[in-house]
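User: I would like to go through how two of the chains in this model meet. Could we look at it together?
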Amino acid sequence: MIQTITVTTGERCQLVDVTSKVQKAVRETRLSSGYVICYVPHTTAGITIQENADPDVIHDFLWKLADLVPHVEASYRHGEGNSDAHIKASLVGASQTILVEDGSLVLGTWQGIYFCEFDGPRQRKLHIRCVAG
Amino acid sequence: MIQTITVTTGERCQLVDVTSKVQKAVRETRLSSGYVICYVPHTTAGITIQENADPDVIHDFLWKLADLVPHVEASYRHGEGNSDAHIKASLVGASQTILVEDGSLVLGTWQGIYFCEFDGPRQRKLHIRCVAG
Amino acid sequence: MIQTITVTTGERCQLVDVTSKVQKAVRETRLSSGYVICYVPHTTAGITIQENADPDVIHDFLWKLADLVPHVEASYRHGEGNSDAHIKASLVGASQTILVEDGSLVLGTWQGIYFCEFDGPRQRKLHIRCVAG
């Protein structure tokens, strides 16, 4: 069964902490031991694991991504003005696999799961499949 | 069972759309619901999910990767002249996990699966394992 | 069952080849055919697949990452002085999925699994789950 979470973003580039939504989806399946695959069905968004304590870490991550992959570049050919979003999406990745034990996500102390919006604001989807094993 | 797809590349850096080949491999296993792991057994190639509509997106992605990780850098030590390919491979990643439902890849409207050649032209392999669950 | 490998790093930025430790963990589970999920529960470290033959490849990878994401940047806000480590961790990724057949990791000829330390030296953990399928 695929569960789908909705993520509403409010800025062009934004990281949204979806840890509790993913945890809730895991609990709904009553999965005890296994893992969860989180998949982003968009080409201008991604998903990453990052620190959930100091928001400045998220700021610095988004700043550096924009520094490396600027919104506008003379060499971009794609006409929609979001080439940077497509490139960032490939660098960050479209999926994350997180282990589950005793019904809980096995995350490090400081880890959260972040949906990465690179071309918002938009309404986005995040697909989740819980797997025993 | 591991299925192996052959990918023949024609340029040093090139993205090859392997979506239909992966879909075909999924159908051959008669997998209904689960996911497919795509794994690249090379260190100068990778795999990513990217837009399958406008080829300019692929151009911009390859251009930016080359802009960030040039073919030649004074600080590279590796003698084979393909340090850039190794670095790009790690940034893009060696595998992708894609969900499957009703026998079909669960991709977003604009998503395709792309084999990323960074040191071609070569004959390459892509390993695929379909998993029910 | 989650197995946990300990990785002790000796430098701030370092790649540690954990291939043999992962292979040993796979053998201990007697997994014949399936795959192994390797997960890093830290936000300043990652895991990648890279060449295991010429150490210069690893040098070039770490050099380019530091070139793109310097240790110090005027725009970093995070007060712990390791924003670069957090950013590199997201770019490289927190997990890798590797296929297993006949009890052995299905790696390409030149591939090794590398734990990526970006804020050491530290004692680190790598979680492993072997899955049949």
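User: What area is buried between chain C and chain A?
Analyst: In this predicted model, about 2500 Å² is buried between chain C and chain A, and carbon and sulfur atoms give 57% of that area.

User: Which three residues supply more than any other three of the area that chain C buries against chain A?
Analyst: They are C:Tyr39, C:Ser90 and C:Arg129, which together supply 24% of it.

User: And how many residues are in contact?
Analyst: On chain C there are 28, in contact with 32 residues of chain A.

User: Which elements of chain C give two or more residues to the side that touches chain A?
Analyst: Strand E3 (34-39), helix H3 (83-92) and strand E8 (123-132) of chain C do. The largest share, five residues, comes from H3(C). By type, that side of chain C divides into 15 nonpolar, 10 polar and three charged residues.

User: What about symmetry: which rotation superposes chain C on chain A?
Analyst: A rotation of 120° with 0.0 Å of shift along its axis does so, at an RMSD of 0.0 Å. The two copies are therefore related as by a three-fold rotation axis. In chain C, the C-alpha nearest that axis belongs to C:Leu91, at 3.6 Å.

User: Why do the copies meet through different surfaces?
Analyst: Because only 11% of the interface residues of chain C are also interface residues in chain A.

Terms used: Residues numbered from 1 in each chain as written. Chains lettered and ligands numbered in written order. Predicted model: local features only at pLDDT ≥ 70, side-chain atom pairs only at ≥ 80, totals over all residues. Heavy atoms only, no water. Least-squares fit on C-alpha atoms with pLDDT ≥ 70 in both. Contact = heavy atoms within 4.5 Å. Buried area = accessible area lost by both parts, 1.4 Å probe. Helix = DSSP H or I, 4+ residues; strand = E, 2+ residues; numbered from the N terminus. Nonpolar A, V, L, I, M, F, W, Y, C, P; charged D, E, K, R; others polar.
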